[in-house]
Amino acid sequence: MTTHAPLADLTDDELTAFLQDQQGAYDRLRAAGLKLDLTRGKPSPEQLDLSDALLELPTTTKDRAGTDVRNYGGLEGLPELREIFAELLSTSPAQVIVGGNSSLSMMQATIVNFLLHGGIDSPRRWADEENVRFICPIPGYDRHFSLVGSFGIEMVTVDMRPDGPDMAAVESLVRDDPSVKGIWIVPTYSNPTGAVVSQEIAARLAAMPTAAPDFTIFWDNAYAFHHLTDDEAKSADILSLAAASGHPNRAIAFASTSKITYAGSGVAVLAASEATIAWYLKHLSMASIGPDKVNQLRHVQFFGTAQGVRDHMARHRDILAPKFAAVDAALTDELAGRGIAEWSRPTGGYFVNLDVLDGTASRVVALAKEAGIGLTPAGASFPHGHDPRDRNIRLAPSFPELDEVRTAMAGVATCVALAAGEQVAA
Ligand code: PLP
């Protein structure tokens with residue numbers, strides 16, 4: 001491993017030489033005419049191929065109870081699939097609904113229901129509140145932020161740390177302000193930092209006093225089973241913790257097979273207290289006579305059991321882990337020791353979080369674009385796309401092939417070094 005001298009320690013002459021080197025490297029990069037994309041966390045075609053047996057399933061038209069899956073009905077989802085997810089999420093089948101292909105849709109429906117009908121513990125509908133505020137740990141998932149933003153919900157940020165959100169900040173926000181109605185949490189291998197919420201922080205979230213009786217934890221466990229190493233994180237059981245703290249309806253959990261089987265044709269899951277499940281289904285019954293049970297049955301047949309899901313995830317890991325290693329290797333080679341960048345080494349999930357020198361993230365993204373490397377816009381992981389320090393970049397290495405990840409990341413490292421050199425020299 002090469003370790004470089006910190007940029008801040010270079011003499012003027014050394015800095016000039018460094019900038020020239022980086023400019024030369026960047027000119028060569030641009031001349032290479034690349035066309036690479038590290039923007040969105042999509043499974044690669046090779047990963048999608050792992051699930052192609054789905055295309056031959058289901059082999060029957062009946063579920064275990066003899067229900068014809070081709071017909072209407074069964075709003076809560078197929079019992080056998082609810083059982084599989086209940087085991088995976090450490091809850092009971094009665095607390096699980098299996099829906100369509102998108103957990104994000106379930107999150108949106110949940111929020112719309114709170115807005116237009118109010119929740120079980122709501123004194124009134126959220127739409128009748130003077131103000132509704134959500135706590136948004138940053139950096140976080142851009143679509144969580146745009147979803148609540150689209151309804152005019154105000155976003156209040158707290159820092160996301162390696163073991164969860166800054167709890168002192170969260171507890172003080174919820175204690176006295178009844179307009180603070182919710183928090184986004186991606187508890188396992190969070191998007192984008194890879195953080196895993198500790199048991200202790202989950203317990204504090206479940207137990208903390210809140211001014212709003214209907215304060216809700218949106219526990220988006222999108223990456224619960226998406227391990228990259230043997231150090232497999234186990235998600236805290238937020239539903240039991242909330243129930244044990246006397247707040248049974250406080251947490252609603254979401255997950256999906258978007259990054260397990262087919263991103264566009266998977267199945268999504270909502271897990272919550274039985275009362276919340278009844279509340280959700282009552283409103284869902286106005287929108288649907290039943291989910292796509294044919295797709296649900298083929299997922300049941302494809303996985304077999306909860307262990308089948310875990311075994312399948314090991315095959316994804318074999319494809320993904322080398323790409324994450326390539327990201328780390330490229331950044332380490334070019335940037336280690338220079339004091340101009342820090343990045344995550346996630347043990348699961350879909351992203352690497354790259355923090356560059358303050359004020360240079362937009363420049364890095366622009367330089368990369370100019371060289372044919374697509375990066376997520378700087379600031380994407382912040383409410384309204386605004387990173388106050390302009391330093392955060394989310395890298396998504398899953399989709400390109402391994403060689404492309406290597407090439408793209410060497411290029412990104414050059415852009416980071418050039419932007420930092422420009423800034424320090426200015
Ligand atoms: N939640 C998180 C944290 C995600 O990163 C993503 C996709 O990137 C989703 C949800 C989308 O889930 P789904 O495909 O089930 O709608």
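S105 has 14 C-beta neighbours inside 10 Å, so S105 counts as partly exposed. That class lies between buried (20 or more other C-beta atoms within 10 Å of the residue's own) and exposed (12 or fewer), with C-beta atoms placed from the backbone. S105 sits in helix α4. Helices (H or I, at least four residues) and strands (E, at least two) are DSSP runs, numbered from the N terminus. S105 and Q307 are 202 residues apart in sequence. In space, 27 Å separate S105 and Q307, C-alpha to C-alpha.

The model is predicted: local features need pLDDT of at least 70, side-chain atom pairs count only at pLDDT 80 or more, and totals for chains, interfaces and linings use all residues. Residues are numbered from 1 along each chain as its sequence is written.

Start with the overall layout. The protein chain is divided into domain 1 (7-47 + 311-425) and domain 2 (65-305). These bounds come from an automatic or database domain assignment. The centres of domain 1 and domain 2, taken over C-alpha atoms, are 31 Å apart. Across the boundary, 23 residues of domain 1 are in contact with 28 residues of domain 2. Contact here means that two C-beta atoms, placed from the backbone, lie within 7 Å. On the side of domain 1 that touches domain 2, α11 (306-335) and β13 (392-395) are the elements that give two or more residues. α11 gives the most to that side, with six residues. By class, this side of domain 1 has eleven nonpolar, nine polar and three charged residues. In this count Ala, Val, Leu, Ile, Met, Phe, Trp, Tyr, Cys and Pro are nonpolar; Asp, Glu, Lys and Arg are charged; the others, Gly among them, are polar.

Now the eight-stranded sheet. Its strands form an open sheet in the order β2-β9-β8-β7-β6-β3-β4-β5, with mixed pairing. Two strands pair if DSSP finds at least two bridges between them. The edge strands are β2 (96-98) and β5 (164-165), and each pairs on one side only. β5 and strand β4 (residues 154-161) pair in the antiparallel sense over two bridges. Within β5, G164 is the bridge partner of R161. Helix α4 (residues 103-116), the helix that holds S105, packs on the sheet and touches β7 (216-220), β8 (251-256) and β9 (268-271). The direction of α4 makes about 155° with that of β8. Axes are lines fitted to C-alpha atoms, for helices over the stretch in contact, and angles run from 0 to 180 degrees between N-to-C directions. Helix α5 (residues 142-150) also packs on this sheet, touching β3 (133-138), β4 and β6 (180-185). Its direction makes about 160° with that of β4.

Next comes the three-stranded sheet. It is open, antiparallel, and ordered β10-β11-β13. β10 (341-343) and β13 stand at the edges with a single partner strand each, so one side of each is left without a neighbour in the sheet. Neighbouring strands are turned by 20° against each other on average, direction ignored. Three bridges join β10 to strand β11 (residues 352-356). In β11, L354 is the bridge partner of W343, and D355 is the bridge partner of E342. On the other pairing, β11 and β13 are joined over four bridges. There, D355 has N392 in β13 as its bridge partner. Four of the five residues of β11 are buried, so β11 is largely enclosed by the rest of the structure.

α11 touches β10, β11 and β13, and its direction makes about 160° with that of β10. Helix α12 (residues 361-370) lies across β11 and β13, at about 40° to β13. In α12, A361, R363, V364, V365, L367 and A368 are buried. The buried residues of α12 pack against α1 (12-31), β11, β12 (373-375), β13 and α13. Just after α12, G372 takes a positive phi of about 85°.

Finish with the core. A nonpolar core is a set of buried Ala, Val, Leu, Ile, Met, Phe, Trp, Tyr and Cys residues joined through C-beta atoms within 7 Å. The largest one has 119 residues, and I238, A253, V269, V356, V364 and V416 touch the most other members. Helix α13 (residues 402-425) supplies the largest share, eleven residues. At least three residues come from each of domain 1 and domain 2. Leaving aside neighbours within four places in sequence, V364 is in contact with V356, I393, C415, V416 and A419.
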